[in-house]
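Hi,

Here is the structure I promised to pass on. Have a look at it first, and then read on for what turned up.

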Amino acid sequence: VSDGAGGYTLSWQEYVTVWSQLSPERAREKIQQGRIADAAAGVLRVRSSTATRLIDGKYRVVVDGVTYNVRGAANPDQRNDMLEFVVETDGTQAG
């Protein structure tokens with residue numbers, strides 16, 4: 001996005017909105033900005049579609065106002081019915 005002064009600003013944009021099921025897998029601590037922060041991880045299940053099959057580690061997802069980074073993707077039944085994404089919180093709330 002142009003900043004009006006010849007530069008630009010990077011920002012996230014909404015890609016797709018889908019129903020999902022988040023299953024928390026584990027919680028662990030990590031150091032974030034010099035302090036210990038929680039990094040809850042889980043598996044997010046969604047119906048497979050043309051749009052959701054493109055999601056990979058460059059994306060992030062928002063579930064109930066919490067932002068998660070996508071760490072991996074799987075097609076567990078190999079039939080493209082459902083997809084599973086391993087996700088981890090980045091400690092921020094969606095605005």
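Let's start with the open space: the largest pocket holds about 580 Å³. Keep in mind throughout that this is a predicted model. Which residues lie nearest the centre of that pocket? They are Glu14, Val16, Arg60, Val61 and Val62, out of 23 residues that line it. Sorted by class, the lining comes to 13 nonpolar, six polar and four charged residues. Strands S4 and S5 each put at least two residues into the lining, and S5 gives the most, with four. If you wonder how one finds such a space at all, rolling a probe the size of a water molecule over the atoms shows where empty space is left.

Now for the overall picture. The protein has seven strands and zero helices, so if you write down the elements in sequence order you get β-β-β-β-β-β-β, by the DSSP runs used here. There are 95 residues, and 25% of them are buried. The exposed surface comes to about 7000 Å², with 49% of that supplied by carbon and sulfur atoms. As for how the chain meets itself, take the contacts with a separation of 6 or more: 49% of them join residues 24 or more positions apart.

Next, the inside. Which residues make up the largest nonpolar core? There are ten: Leu44, Val46, Ile55, Val61, Val63, Tyr68, Val70, Leu83, Phe85 and Val87. The elements giving two or more residues to this core are S4 (41-47), S5 (60-63), S6 (66-74) and S7 (82-93). S7 has the largest share, three residues. As background, nonpolar side chains in soluble globular proteins tend to be buried together.

Phenylalanine 85 is in contact with Gly42, Val43, Leu44, Val46, Thr52, Ile55, Val70, Gly72 and Ala73, leaving aside neighbours within four places in sequence. Valine 46 sits in strand S4. Is valine 46 buried or exposed? Its relative accessibility is 3%, and buried means under 20%, so valine 46 counts as buried. Not counting residues up to four places away in sequence, valine 46 touches Val18, Trp19, Ser20, Thr52, Asp81, Met82, Leu83 and Phe85. Glutamine 21 is 25 residues from valine 46 in sequence, yet their C-alpha atoms are 6.8 Å apart.

The C-alpha of glutamate 88 is 4.3 Å from that of alanine 41, although 47 residues separate the two in sequence.

Then there is the segment before strand S1 (20-26), where you will find tryptophan 12. Tryptophan 12 has 52% relative accessibility, and since exposed means over 50%, it counts as exposed. Leaving aside neighbours within four places in sequence, tryptophan 12 is in contact with Lys58, Tyr59 and Arg60. From tryptophan 12 to tyrosine 59 it is 47 residues in sequence and 9.1 Å in space, C-alpha to C-alpha. Threonine 17 is also in the segment before S1, and is exposed at a relative accessible area of 63%. Alanine 51 lies 34 residues from threonine 17 in sequence, with 9.7 Å between their C-alpha atoms.

Last, a look at the loop between S6 and S7. Which residues there have a positive phi without being glycine? Glutamine 78, placed in this loop, has a phi near 55°. Asparagine 80, which lies in the loop between S6 and S7 as well, has a positive phi of about 60°. Their exposure is given by their relative accessibility: glutamine 78 is exposed at 64%, while asparagine 80 is partly exposed at 36%.

Happy browsing!

Terms used:
Residues are numbered from 1 along each chain as its sequence is written. This is a predicted model: local features need pLDDT of at least 70, side-chain atom pairs count only at pLDDT 80 or more; totals for chains, interfaces and linings use all residues. Side-chain values use heavy atoms; hydrogens and water are left out. A nonpolar core is a set of buried Ala, Val, Leu, Ile, Met, Phe, Trp, Tyr and Cys residues joined through side-chain atoms within 4.5 Å. Buried means under 20% relative accessible area, exposed over 50%, partly exposed in between (1.4 Å probe, protein chains only). Contact means heavy atoms within 4.5 Å. Accessible areas come from the Shrake-Rupley method with a 1.4 Å probe; for residues, only the protein chains shown count as cover. On a 1 Å grid over the protein atoms alone, a cavity is a set of points where a 1.4 Å probe fits but cannot get out, and a pocket is an open set with protein on both sides within 12 Å along at least five of seven lines; lining residues have an atom within 4 Å of a point. Grid points are joined across faces, edges and corners, and a volume is the space filled by probe spheres set on the points. Ala, Val, Leu, Ile, Met, Phe, Trp, Tyr, Cys and Pro count as nonpolar, Asp, Glu, Lys and Arg as charged, and the others, Gly among them, as polar.
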